[in-house]
Amino acid sequence: MPTTNGLDAGLVPGATDAELYDWLADMVLIRVFEETADGLALRGRIPGGMHPAIGQEAVAVGIARALRADDVVAGTHRSHHHALAKQLPPAAVLAELYGKATGTNGGRGGSMHLADFDLGLWGTNGIVGAGLGIALGAALGASVRCTDQVAVGLFGDGGANTGRVWEFVNLAAIWRLPLIVACENNLYAVETASKSVTGGNSIAERAAAFGMPAQQVDGQDIVEVHRAVRAAADRARAGDGPTFLEFLTYRYKGHNSGEVIRYRTEDEVTQWRTSRDPVERFSALLTNSGVLTPEDLTRIADDARAVVDAAVAFAEESPWPDPSTAAENVSAWSNRDGSVR
Amino acid sequence: MQELFIPVTGMAPDDVSVSAWFKQPGDAIAAGEVVAVIETSKAQLEITSESAGVLGAHLVQVDQEVSPGTVIARVLGKDEADESAEDVPSPSAVTGPPVETSERAQGGIGGIPVLVDGAVGPGSAAGDRPHQLSPRQRRLAAEQAQARAEPEHPALDVPEPPVGNPVPPPPAHPALAAAGSTEASPSDRAAIRHRQAISAAVSRSWQEIPHFTVTRELRVDGLVAAVADLRSVLSTVTLTDLLLRAVALSFIEREGRSDVDLGLAVATERGVSIPVVRNVAQLDLVQLVRARRAAVERAKDGRLHEDDTRSPVTTLSNLGAVGVDQFTGVVPYGQTCLVTVGRAAPRPVVENGRLAVATTMQATLNLDHRSWDGLHAGMLLARIAGVIARPALLAPLGPPVTGVTEMEA
């Protein structure tokens, strides 16, 4: 089926070639950003470290690209890919990781607390399963205000074993909220193989018991991710309530940068990297179907490298927050000058 | 130029020290070669060089505590001058917070594209990482991960030890009593660290390994006579040398290979240490004595050699020199058994129905029941007894002995 148009080829319904180029560019940007940031974390440049999302790019970009710009995403402790997919500027994200004043949150949040409400990222956070609750609130707001926005709440396979996640799922089901419940199952809850602590056949199967559509999705295939999220978003906007999606994905790095890994084999990592890499799969799909040329791929990689290099320079050169502002944003009552009413 | 640095491996501040330099300033380094071994609170890690070159100055000395992120040396390319010596950090400078001490990470930004892999152990293709677990720990990690991957054998699942140092070292030990003192000298600190390492290792072994022991009295008349005879040729040979060889030969069939490495428990001022003697069964007597003496010296000096990071098939511990008749021990973590022997002494034996006097030795196998059953242990002891009864097998001065596997158990 020789064609230069992915739309005609039925590659991804509803997406133009230019959009597919952008999807891949976003994934490559995340890959380069995370690998670079991971290296910087090893060197001690990122206070408190970080949780690299390398390997999970297709989930984030597939979700973000299936949503409208004003839809809401709430992330997890491992969320740089969500933030970049939601179009937060890489330089501001890296500056936030550094704790610099120019960061997305003025350097106050760091790696685990990225947010930009204008871009629809309603925060990432380190409380396991809590992002779903924030997304639930966003969905409730959209429902009450009749804005036809959709919210996506992310959590991991570890979060799927917390009680709050299922309380949120239940509320979303009974209130028929425009919520997409999105589990990134990367097989490991920190150092614990999740299958060793997770009862039942699958996480998605649990959700089905709450009376909402629930399915497992190949999280290493951006086309599948996009298709599933677009369908769920359409349902939500039509007033048909929440959908549960369990994305089967994998993180190539440890739980945190530099983690000494003792809980999985090198073979397993190699197998995921070589047979299911989301960036390589999508690159191959786009080049084989004639949407992209090898030159396009080179340009995408070069552009990502340039953006990330500029982000590093920006983060390195940005100033630290002014110490006199340390008490700001601590509570609703604190003054600009740091004194407390 | 490539900077070698102490990687940040955790989310919290950590005390890290260099435990050994494998390369000296001026040494040629191949890409992927191990340059140093560092000790973090959780693991011993090898620091490897990604690129080839010549090693610059050691910016950090053995046992010096530094913060993660600190540059410990530079690998210089062709025609690059070694400017490292000028910025040897003072001890106070390197114990500050990592953000303050690490230099701007130029090497990891523009220079090396998408290369640094934070995953230690399992990760991307080999050579992409600036650091990795030592070989022994890699093997352990692989075994543990494998055990987890088999839910049908939950009994084999080794639980992850708690993060950090799970077992506070016994405060009664004199080396540790000094730990609270701010006056501790570098050698005191080394002794404290060594004691803490022993404490953590034996506690972990004792918690995780289901120990049992099997003992047999060995007739060693021939062995003792052989040592005396051999001393007329090689004055430095000891009973331990021949015991090492006997144990190594006895493991050949079980291991299915003849390149058997053995650990040797050595008492040092800082506490017991287990250097590794490589390839014991294939060494001739002169080589074996030399290797054993080198291992003992390493242990006593507190130096670490690449060999000592290997995982030996077993370890020999001999307390005969201090008059012990028989004892048991804790299986070293990462091994499945430990051979403990007491002194060779004249003892009553029954021979042809009559009481007689013979030189004997009590040999004990201390075993991990997950890997060994009593029958296997008994058979291995029988094999050791059989080898020891043939001193000719124990003192080769030339090509290695073959045909050992045909010997009856």
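This is a predicted model: local features need pLDDT of at least 70, side-chain atom pairs count only at pLDDT 80 or more; totals for chains, interfaces and linings use all residues.
Side-chain values use heavy atoms, with hydrogens and water left out.

**View 1. R68(A) and D148(A) form a salt bridge.** Their closest N and O atoms are 2.7 Å apart. The pair links distant parts of the chain, 80 residues apart: R68(A) sits in the loop between α2 and β1, D148(A) in the loop between α5 and β2. (Helices, H or I of at least four residues, and strands, E of at least two, are DSSP runs numbered from the N terminus.)

**View 2. E253(B) meets R383(B) in a salt bridge.** Here the closest N and O atoms are 3.1 Å apart. E253(B) lies in helix α8 and R383(B) in helix α10 of chain B, so the pair ties together parts that are 130 residues apart in sequence. R383(B) is buried at 10% relative accessible area, whereas E253(B) is partly exposed at 41%. (Buried means under 20%, exposed over 50%, partly exposed in between, with a 1.4 Å probe and protein chains only.)

**View 3. D157(A) is buried yet has no salt bridge.** The nearest side chain of opposite charge, R251(A), is 7.1 Å away; Lys and Arg count as positive, Asp and Glu as negative, with His and the chain ends not counted. Look instead for the backbone nitrogens of Y188(A) and A189(A): the D157(A) side chain lies 3.4 Å from the former and reaches the latter at 3.4 Å.

How values were computed: Residues are numbered from 1 along each chain as its sequence is written. Chains are lettered from A and ligands numbered from 1 in the order in which they are written. A salt bridge is a side-chain nitrogen of Lys or Arg within 4 Å of a carboxyl oxygen of Asp or Glu. A polar contact is a pair of N or O atoms within 3.5 Å; within protein, one must be able to donate a hydrogen and the other to accept it, and residues adjacent in sequence count only if both atoms are side-chain atoms.
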